[in-house]
Amino acid sequence: MTRSEETRLIARAKRGHADAFRELVEAYQERLAAFVWRMVRNHHETEDVCQAAFVKAYESLDSYSTNYAFSTWLFTIAYRLCLNGLRKKKAVSGETDFSYVGDGEPDVSDALANSEEAQRLRDLIWDAVDKLTPPQKSAVLLFYREGKSCQDIGVVLGIPAVTVKSHLHRGREKLRQLLSAELAEDWQAVRYLGDSSGA
Amino acid sequence: MNCSEAEHFFDAYLDGELAGSLRLEFDAHRLRCGVCQQKLAMMEACEHILARDGRGPLLSDDFTDRVMDEVEQRRVITLRSRKRRIVWGTAVGVQAAAVIAFAFLWAG
């Protein structure tokens, strides 16, 4: 959906045209669900959070600023709802280890990886992502999956762009550490093979 | 450049922000270091999966309808409360006007 189309739909929705808002819901629900599901890892909660986010977005349409993409605003609402849900679950702060969140349902896109090796790599990566803190995970997902800038991610997370960069950096560093540890065995084998062929 | 120095520039390299002599130094290290090559390949795979493989579960078929039903319900509630406010506001205004008019008449 182009930005002008989006602006037109929002303007119509503000004037009370339900069909315009329906188009927005249909356009963004998949992306929003992918993001929310990664945060809460539960199908029912994903549906609830997405529904609540859209309803809240509709109710607050008058406060929406066209300076940002509708998706940025929608993700902002959804992110806060996710955090509230996670806090209610464990009553913990944003910087606490949320790794338990990853113990939810199995990944629905398991079928995407064909070979055993590809499947393993994929699982390792998503398991590592699940071990990131909510701000790190959100920053990483919004950056890579949604292609959002650090400034836009800052709007979603309610923090300055500089802090987003820091979350991104720490998130990637943590991913590197987790994956390095997991893949160390494989690398040892590769190194051993390399050493023996060089000798 | 050694491995630990190179690792400081991984993010910048992966984001395409490494340029000039620093990029040259980094490339020189990367070409001869198997460990850094593997780490970078791992991060590239990670980025690829994050970007392409992050599909969530499909929402229910009636998801849009449910959202729109709730939106409609909220809209009706808002309209009702707005109407109620208008009715109450008008009633209070009329009452106040009546009290003032009565006060004037009584004083006169």
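**Helices, a pocket and cysteines in a predicted model**

R41(A) is buried, its relative accessible area being 6%. The model is predicted, and every value reported here is computed from it. R41(A) is placed in the loop that joins α2 (18-40) to α3 (43-59) in chain A. The backbone at R41(A) has a positive phi of about 50°, although R41(A) is not a glycine. Most residues other than glycine have a negative phi.

The secondary structure of chain A consists of eight helices and zero strands. Its pattern along the sequence is accordingly written α-α-α-α-α-α-α-α. Chain A has 199 residues, and 46% of them count as buried.

A straight helix of 23 residues would span 33 Å at 1.5 Å a residue, whereas α2(A) spans only 29 Å between its end C-alpha atoms.

D19(A) and K137(A) are 118 residues apart along the chain, and 34 Å separates their C-alpha atoms. For L74(A) and A139(A), the separation is 65 residues in sequence and 15 Å in space, taken from C-alpha to C-alpha. L74(A) is part of helix α4 (residues 70-90) of chain A, and L74(A) counts as buried at 1% relative accessibility. L179(A) and D127(A) stand 52 residues apart in sequence, with a C-alpha to C-alpha distance of 9.3 Å. L179(A) is found in helix α8 (residues 161-198) of chain A. The relative accessibility of L179(A) is 0%, so L179(A) counts as buried.

The largest pocket holds about 350 Å³ of space. It is lined by 13 residues, of which K14(A), Y58(A), R75(B), T78(B) and R82(B) are the closest to its centre. At least two lining residues each come from α1 (3-14) of chain A, α3 of chain A and α5 (63-107) of chain B. Helix α5(B) gives the most to this lining, with six residues. By type, the lining of the largest pocket comprises five nonpolar, two polar and six charged residues.

The cysteines were examined for disulfides. A disulfide is a covalent bond between the sulfur atoms of two cysteines. The count over all chains is zero. For C50(A), the closest cysteine sulfur is that of C82(A), and the distance of 7.8 Å is too far for a bond. C50(A) is also buried, at a relative accessible area of 0%. In chain B, C36(B) is in no disulfide, and the nearest cysteine sulfur, that of C33(B), is 3.7 Å away. A pair of cysteine sulfur atoms has to lie within 2.5 Å to be counted, so the pair formed by C36(B) and C33(B) is not a disulfide. C36(B) is buried too, with 2% relative accessible area.

Technical notes
Residues numbered from 1 in each chain as written. Chains lettered and ligands numbered in written order. Predicted model: local features only at pLDDT ≥ 70, side-chain atom pairs only at ≥ 80, totals over all residues. Heavy atoms only, no water. Helix = DSSP H or I, 4+ residues; strand = E, 2+ residues; numbered from the N terminus. Buried < 20%, exposed > 50% of the residue type's maximum accessible area, 1.4 Å probe, protein only. 1 Å grid on protein atoms, 1.4 Å probe; cavity = no way out; pocket = protein on both sides within 12 Å on 5 of 7 lines; lining within 4 Å. Points joined across faces, edges and corners; volume = space filled by probe spheres on them. Nonpolar A, V, L, I, M, F, W, Y, C, P; charged D, E, K, R; others polar. Expected span 1.5 Å × (residues − 1).
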